[in-house]
Amino acid sequence: MQFLLRSLTRLPLPVLYELSRALFRVAYYVVHWRRPLAATNLRNAFPEKSEAERAAILKQSYRNLADLIVETLYGFGA
């Protein structure tokens, strides 16, 4: 595991962003990782927004989370 993490920290940032896209797709579309809870929280936090707007916010938050994960990996190797 340590070898894998060290290897990932040595990858260039554009490659890590491609990994981020894959991570986003798996978490959002395949695993549905905490999506019902996040959707409920957004509904409670933004009752004035339409369902489409809340769905866009939810999707963007998952993209941001995936980017944050790979940027953290990159930072450890910097």
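Which residues does Ser 20 touch, not counting residues up to four places away in sequence? Ser 20 touches Arg 63, Ala 66, Asp 67 and Val 70, where contact means heavy atoms within 4.5 Å.

## What you are looking at

This is a predicted model, in which local features need pLDDT of at least 70, side-chain atom pairs count only at pLDDT 80 or more, and totals for chains, interfaces and linings use all residues. Residues are numbered from 1 along each chain as its sequence is written, and side-chain values use heavy atoms, with hydrogens and water left out.

How confident is the predictor? The pLDDT (the predictor's confidence in each residue, from 0 to 100) averages 93 for the protein, and 100% of the residues score at least 70. Where pLDDT is low, the predicted coordinates should not be read in detail.

Let's start with helix 2, residues 13-30. Helices here are DSSP runs (H or I, at least four residues), numbered from the N terminus. The expected span of a helix is 1.5 Å times one less than its number of residues. With 18 residues, helix 2 should therefore span 26 Å, and its end C-alpha atoms are 25 Å apart, which agrees.

The buried residues of helix 2 are Leu 16, Ser 20, Phe 24, Ala 27 and Tyr 28. They sit on the same side of helix 2, because they cover an arc of only 95° around the axis; the arc is that of the directions from the helix axis to the C-beta atoms. Buried means under 20% relative accessible area, exposed over 50%, and partly exposed in between (1.4 Å probe, protein chains only). These buried residues pack against helix 1 (2-9), helix 3 (35-45) and helix 4. On the face turned away from the buried side, helix 2 carries the exposed residues Pro 14 and Val 30.

Ser 20 counts as buried because its relative accessibility is 2%. Its side chain reaches the backbone oxygen of Ala 66 at 3.5 Å.

Leu 19 lies in helix 2 too, but Leu 19 is partly exposed, with a relative accessible area of 36%. Setting aside residues up to four places away in sequence, Leu 19 touches Leu 8 and Val 70. Leu 19 and Gln 2 are 17 residues apart in sequence, and their C-alpha atoms are 18 Å apart in space.

## The nonpolar core

Now for the inside. A nonpolar core is a set of buried Ala, Val, Leu, Ile, Met, Phe, Trp, Tyr and Cys residues joined through side-chain atoms within 4.5 Å. The largest one has seven residues in all: Phe 24, Ala 27, Tyr 28, Leu 42, Leu 58, Tyr 62 and Ala 66. Helix 2 and helix 4 each supply at least two residues of this core.

Tyr 28 is in contact with Arg 35, Ala 55, Leu 58, Lys 59 and Tyr 62, leaving aside its neighbours within four places in sequence. Over in helix 3 you'll find Ala 38, which touches Leu 58 and Tyr 62, again not counting residues up to four places away in sequence.

## The loops

Helix 2 is followed by His 32, found in the loop between helix 2 and helix 3. His 32 has a positive phi of about 55° although it is not a glycine, and His 32 is partly exposed at 40% relative accessible area. Arg 34 lies in the loop between helix 2 and helix 3 as well, and has a positive phi of about 60° without being a glycine.

Ser 50 belongs to the loop between helix 3 and helix 4. Ser 50 is partly exposed, with a relative accessible area of 35%.

## Arg 54 in helix 4

Last stop: Arg 54, in helix 4 (residues 51-77). Is Arg 54 buried or exposed? Arg 54 is buried, with a relative accessible area of 9%. Not counting residues up to four places away in sequence, Arg 54 touches Leu 42, Arg 43, Phe 46, Pro 47 and Lys 49.

Methods
A polar contact is a pair of N or O atoms within 3.5 Å; within protein, one must be able to donate a hydrogen and the other to accept it, and residues adjacent in sequence count only if both atoms are side-chain atoms.
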